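Have a look at it first.

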Amino acid sequence: EFGSSGTYRWFWRGDEKWEAYDDKISRKLNRAKRDRKKRVPIDIERFVDMDAMFQRRYDNETRKRRVKREQTIYKNIPVSAEELDDTPSPVIDKRVRDEQRDRKELTEKIREEQKLVERGMEVINDSVIDVNDIVSHW
């Protein structure tokens, strides 16, 4: 399941770090999210509660682990689960990077245009001075 700038991967919170679900489970969870399913089986012992964003056990639903969905930067290249913690994802959306690049390019073009205008004004000023010199000599 692709977003505008990559895939979405799912993670569950292990004892010390976020663990990535495999690609097959991530795709299954993405389809379930798209279809607004409430409960998604993970294996014979566990399911994901999509509303509460927990992985729960069938035999004891009070036993749970948090789950989250993260967008990867590039298609089929997941964010390293080891780099993720309880803080918001460090992933920068490709659209944001593209906008930053476009803004930088536009700023450079504006600066170039400003330089051209300044040079043009210098030429005009020099021409006015030359005309004034010619007129004053007559």
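Q: Which residue forms a salt bridge with Glu 45, and how far apart are the closest N and O atoms?

A: A quick word on the model: it is predicted, so local features need pLDDT of at least 70 and side-chain atom pairs count only at pLDDT 80 or more, while totals for chains, interfaces and linings use all residues. Residues are numbered from 1 along each chain as its sequence is written, and side-chain values use heavy atoms, with hydrogens and water left out. A salt bridge here is a side-chain nitrogen of Lys or Arg within 4 Å of a carboxyl oxygen of Asp or Glu. The partner of Glu 45 is Arg 57, with the closest N and O atoms at 3.8 Å.

Q: Where do Arg 57 and Glu 45 sit, and how many residues apart are they?

A: Helices (H or I, at least four residues) and strands (E, at least two) are DSSP runs, numbered from the N terminus. Arg 57 belongs to strand E6 (residues 54-57), and Glu 45 to the loop between strand E4 (39-41) and strand E5 (46-49). The pair links distant parts of the chain, and the separation is 12 residues.

Q: Is Arg 57 buried or exposed?

A: The cut-offs are these: buried means under 20% relative accessible area, exposed over 50%, and partly exposed in between (1.4 Å probe, protein chains only). Because its relative accessible area is 18%, Arg 57 counts as buried.

Q: Which residues are joined with Arg 57 into one network of salt bridges?

A: Arg 57 also forms a salt bridge with Asp 59, the closest N and O atoms being 3.0 Å apart. Asp 59 is exposed, with a relative accessible area of 59%. Salt bridges that share partners tie Arg 57 into one network with Asp 43, Glu 45, Arg 46 and Asp 59.

Q: Which residue forms a salt bridge with Arg 9?

A: In general, side chains of opposite charge can pair when their charged atoms come close. For Arg 9, the closest N and O atoms of the pair are 2.9 Å apart, and the partner is Asp 23. This pair also links distant parts of the chain, from Arg 9 in strand E2 (residues 6-13) to helix H1, 14 residues apart, where we find Asp 23.

Q: Which accessibility class does Asp 23 fall into?

A: Arg 9 is buried, with a relative accessibility of 9%. Asp 23 has a relative accessible area of 42%, so Asp 23 is partly exposed.

Q: How many salt bridges does the chain have by this rule?

A: The Arg 9 and Asp 23 pair is a salt bridge, and so is the Arg 57 and Asp 59 pair. By the rule, the chain's count is 13.

Q: What is the pattern of helices and strands along the sequence?

A: The chain has two helices and seven strands. Read along the sequence, they give β-β-β-α-β-β-β-β-α.

Q: How far apart in space are Tyr 21 and Trp 10, C-alpha to C-alpha?

A: Tyr 21 is placed in the loop between strand E3 (18-20) and H1. Leaving out residues up to four places away in sequence, Tyr 21 touches (heavy atoms within 4.5 Å) several residues, including Arg 9, Trp 10, Leu 29 and Val 67. Tyr 21 and Trp 10 are 11 residues apart in sequence, and their C-alpha distance is 5.7 Å.

Q: What is the phi of Arg 36 near?

A: Arg 36 is found in the loop between H1 and E4. Arg 36 is exposed, with a relative accessible area of 73%. Its phi is positive although the residue is not glycine, and lies near 60°.

Q: Where is Met 53, which has a positive phi of about 60°?

A: Met 53 is not a glycine, despite that positive phi. At 27% relative accessibility, Met 53 is partly exposed. Its place is the loop between E5 and E6.
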